[in-house]
Amino acid sequence: MSDREITVTVNGTVHTALVEPRRTLADFLRHTLGLTATHLGCEHGVCGACTVLLDGEAVRSCLALAVHADGHEVTTVEGIAEPGQMHPVQTALWESGAFQCGFCTPGFVMTIYGMERDARAGRGCPRSRTEIREELSGNICRCSGYQAIVDGAEAALTAATGSASGSETRR
Amino acid sequence: MSSSVVGGLVGARIKRREDVRILTGAGRYIDDVHERNTLTCHFVRSTLPHARISGCDVAAAREMEGVVAVITGDEMAQFTNPINLGAPIPGLNSPSFTALATGTVRYVGEPVALVVASDRYVAEDAASLIEIDYDPLEPVVSTTQALADGAPQLFDEVPGNVIHSGEIAVGDIDAAFAEADHVVTDRLDQHRWTCAPMEGRGGVATYDRSTGVLTYEASTQTSHLMRLLVAGFINQPIHLMRVVTSDIGGSFGLKFSMYREDVALCAAAKHLGVSLKWVEDRNENLTAGGSARDETLTIDAAVKADGTLLGFRVNMVMNHGAYPVMPPAPVVTGIAGHMLPGPYRVPAYRFTSTAACTNKASYISLRGPWAVETLVRERMMDLIAKRVGISPVEVRQRNLIPVTEQPTMSGAGFTLDGVTAAETFARLTEMIDLDEIRAQQEKARAEGRLVGFGVGTFYEPAPGTPEFWGLIGFPFSAEPVRLRVEPDGHITAFTTQIPHGQGHETTLAQVIADEMGVAFDDVRIVFGDTDATVFTMIGTGGSKAGMMATGGAMVAAREVRARVLDIAAHMLEASPSDLQIENSVISVKGAPGSAVPLADLAMGCYMAPGMMPQGVDLNLETTAHYDGENGGWGQGSHACWVEIDQETGKIAVTRYLVVEDCGKIINPAVVDGQVIGGIAMGLGGMLLEHAAYGEDGQYLAGTFMDYLMPSAPEVPEIEIEHLEYQAPTMVGSRGVGEGGTVLAPAALLNAVDDAFGQVEAGRITATPLTPTKVLQALGVIED
Amino acid sequence: MKPASFEYWTPTSVDEAVKVLSGLDDPGDAKVMAGGQSLMPLLNLRLSQPLHVVDLNGVDGMADIRREGDTLTVGAMCRQRAVERSAEVSAAAPLVVEALGNVGHPAIRNRGTVGGSIAHADPAAEMPAVALCLDAEMVAQGPAGGRVIPATEFFEGFLTTALTEEEVLTGIRFTADGPGSGSAFAEVARRHGDFAMAGVAVHVRLDGDTVAQARIAVSGVGLTPVRATGAESSLRGATAAEDAFAAAAAATSSALRPATDLHASGAYRTHVVGVLVRRALRTATDRARGNR
Ligand SMILES: Cc1cc2nc3c(=O)[nH]c(=O)nc-3n(C[C@H](O)[C@H](O)[C@H](O)COP(=O)(O)OP(=O)(O)OC[C@H]3O[C@@H](n4cnc5c(N)ncnc54)[C@H](O)[C@@H]3O)c2cc1C
Ligand code: FES
Ligand code: FES
């Protein structure tokens, strides 16, 4: 019904926009701001393709409203490295040949990016391949069979924990 | 890898080029396409499986702000032609239908009306105001119902609801059974499951009133086929129709066919003179996008006392759903029928099939659409082993045809040549120790644990042979590649393949770069756009690319390379056979000072042909076709270990081993990805996924909360061993995309049966292997 | 798959939220939004089309975790992930932490709230069963003020609770575990992170090797989570060993008549609940022995 004005910091840029309250955060990013890296694979919270960071925590952008981001910070795949560059998480996934069609990819990158940040901050992260698989269970990939994604995540997290001290394993 | 990589690209683990845009979120999937002033479409869909439409009130929807048009089925029929996706296959009753339903709806999810609006939110608001009155008809859900006497008829043109029935007969089947020491019988009801790529179907249709050109950017595996079919159904001259594809978020067979939604969207765009987008949401995709498998097979095997096969007698009934898609049902039953005897000696064979139409969504292709043949056959091999008292390894060893005994005839009556299933199986048996496995199982049982082990082997047309496809009645067409050396010496190649995860932009560039002596980054692969690529009926599918597109790229590159060498031979005053191209420089072997850069030569050919050598072909662009020679086969053998929780019925796949042979490997990372992804899909299909219908014809798995695809913890680590049998063809590579999905269900079910056998449990003959069914088979709970 | 329109309200206090709800012509036309992890899928699928959405995300003071004496109060708007990581909750009510690990996936729990999970009252969900097992108390506020609803009276039916349409759940009170107590949560789901086919929450207090008190709640077997009262009384006074666990399992299963759906048959659920009861009792009693 009546639109709301919201101010959201997306990838460091402050955006002010008038949105319908019913508009999802995903649609706001994709269609209002034209940031189409965030994908929609199910729109009911299962596939994880729409994962973004909201104030640093991984969330489903299909299960949040744009108005929920008012006054908050959102990070999408477009914002984790300079244009034309890759973040170490992306490089690790590239080297492991993680993905095929790429539709799930932004969601995995953001989930692993969130884990990697925790690891670097010494907050602990999954270490074993089994733990990594469990931590990634909220992201569905139909193409890859996951093995090469786990390879890439393992490499990225190992590199990140190597650079952090006092980190612990978290379930 | 960077442009410094020159030579030796084929076979190397080159990082995929497409990953740069995929990983950075710069891909262009269908919902990312924003043409100027694009409007959004939303389909209103049937809520009943079978009903007459008695009324359709769209007035309130039309009046809504933001709604541009609401088109009903009858209105759509005025500017589209009836759709018929039949093929000239004897006995095929392929019904015609309209883009939007007119008169009768035949499955839950059938499109009934189209809403065009400013955005998807508004379109869905308007859709909720549309009132459709239905007079329910009796739904026909199972094939038993469809084929029963007096069953409701779905279509006048399909008597008895039989879309097609077929037969294959080779050898003297009656004699085989008369001679048999044992007759072993089995049955399988394979449930419906589906492709569910992470991106559903969709497209953006843009009609340019000034030129009359309709451009359809679509998520499809087959752009030329889409163009040909849609143009015909919407009365658009084909030369004024262009189909474009960009990134595709997976397909697995779903996006092989053209669908009625494509026709409706393009027709509406033309009718309204606008740009229209339709993006299938997940509920639509699961409900209306069609689903796969859903077939019932019975099999009798005639065997000798030592386990030697004498013959198979098989009947297959396919639940076709209501409306045909591409490819037609007999192509699927035909491939299944011809592949079923497998890589074994089968002296006599009889296969009958019936495709019956029902009030379900269409039966669509799914990664190795014929795969049920492998599942049924490989389970049968284990049953035979048990009956005659030999191991599952031995029964296969006794019946497999080694490559050294080929060419020979397959059980289904065509030439087998270069099939190395036996060799993959031999390698697999070297890698496992069956006695040790049995000892471990006994130990586990003593601890109260139940551990099963299963194997399987198969071969598949990847791409198959002209003879084989002739029997199926489907074209085995040559694969064209257009290739151009640009004025600066870089290379642009146009493939008719439409990658959606297979990495063709990388693998074909590897092949061409090696052939042309240029760097990987100097080659660009263009795909999808029918304005740029060469016409062929089939884009990507049927594990064709490994051999056919590779061959096309090689033939085109060699043709242009020969011209380049001819021109350079004149310039360098040498014989072409003494020349080499390295790092984009043509030089005389052994005399590096005598050289000309490819860029200079190309610039000369385009800009100053008069100053170039005369009497040689200066055209650096060619379209070449690779005929596929005698084709080839993919094959592999799998071993699967499971542990079954006898209290909860949960099956854990604890180890999985693959030996595969797709010939020469162009990029190991790509091949491994295809194998592992395929196996994950096959395991998920058997353990978790179910595109289930209720007895009332309602669809029960319309969200990912109910349609369960495996996530990372459900998929085991997969170990892969490669054999690289090189057939005496120009292209040593063959396809690899489908085999994992074809064989994994068989290896898994054999492992589960093996576990069940240790505790005298029953067998599951109706998939999927839910925990409930596992406990029923174990006798823990009642049916 | 896009939500229908609604009027959107952003109260900043519980009082204001209640005022918004009670001020509507029909509070039944409104939905309270917490983490949205259950509500948003329903809105997107248009299975729920409220005319008003009253968003609690901007309400102050609803996300605190407080321990006063033996009472642990978890604010309704506490994110599941925060509760899962809370040392205070882990010390006082480890069952809550253990069960939360089974709720969806980390990204769901980053937004989903404990209060939302309980107010949603999905019979297959973990938190309602945990609340029932721990005899938690739901603290609600409505136009007439606050009230406390015991868990046994809270879950009334499928996705239906004792909250009125004008009430907001503000917090959940748990009694902190004392010495000799142990708890465990066990479930079977088709996939990692899915809603379970069935789940069992167990809390025991041991006196030596004797069960002084046992509480068992079962999820996924009916319209609400249920207490296995027969099993609880069979355990009281029994020696904490396999025989008693088996009897409790049988007593739990025999009292259930769960329905069949796509994921499991009723018979499966009946059976597997027994398995889970035994497994959870083993773990809970082991933990109780280690907690003297
Ligand atoms: C993919 C996926 C998997 C999931 N798996 C699980 C699982 O395994 N187990 C599980 O338990 N849950 C699961 N969930 C649901 C998740 O845990 C939800 O977060 C939770 O059930 C609801 O919490 P919420 O804060 O998101 O509430 P919301 O979605 O915001 O609200 C849910 C309902 O509760 C009402 N409500 C919420 N808060 C209050 C309040 N304070 N006062 C009054 N009414 C209120 C709302 O009006 C609404 O009707 C899953 C969700 C998804 C998307
Ligand atoms: S699109 Fe958000 S979880 Fe699938
Ligand atoms: S790469 Fe296709 S879904 Fe993951």
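Helices (H or I, at least four residues) and strands (E, at least two) are taken here as DSSP runs, numbered from the N terminus. The model is predicted, and local features need pLDDT of at least 70, side-chain atom pairs count only at pLDDT 80 or more, and totals for chains, interfaces and linings use all residues. Residues are numbered from 1 along each chain as its sequence is written, chains are lettered from A and ligands numbered from 1 in the order in which they are written, and side-chain values use heavy atoms, leaving out hydrogens and water.

Two cis peptide bonds turn up in loops of chain B. One joins Thr767(B) and Pro768(B), with omega about 0°, and Pro768(B) sits in the loop between α20 (739-758) and α21 (771-777). Another links Gln406(B) to Pro407(B), again with omega about 0°; here the loop runs between α12 (392-399) and β16 (408-409).

Positive phi values come next. Phe252(B), which is not a glycine, has phi near 65° and belongs to the loop between β11 (241-244) and α8 (260-272) of chain B. With a relative accessible area of 12%, Phe252(B) is buried (buried means under 20% relative accessible area, exposed over 50%, partly exposed in between, with a 1.4 Å probe and protein chains only). Glu629(B) also has a positive phi, near 45°, in the loop between β25 (621-626) and β26 (632-644), but Glu629(B) is partly exposed at 30%.

Now for where the chains meet. The contact (heavy atoms within 4.5 Å) draws 51 residues from chain B and 42 residues from chain A. Between them the two chains bury about 4100 Å², 56% of it on carbon and sulfur atoms; buried area is the accessible area (1.4 Å probe) that two parts lose on being put together, summed over both. Leu23(B), Tyr121(B) and Met198(B) supply 20% of the area that chain B buries against chain A, more than any other three residues. Eight salt bridges cross this interface, a salt bridge being a side-chain nitrogen of Lys or Arg within 4 Å of a carboxyl oxygen of Asp or Glu. The side chains of Arg30(A) and Asp31(B) form a salt bridge, at 3.0 Å from N to O.

Helix α5 (residues 147-162) of chain A brings both chains into the picture too. Its buried residues, including Ile149(A), Val150(A) and Leu157(A), pack against α2 (88-95), α3 (105-120) and α4 (129-135) of chain A, together with α19 (668-687) and β28 (718-723) of chain B.
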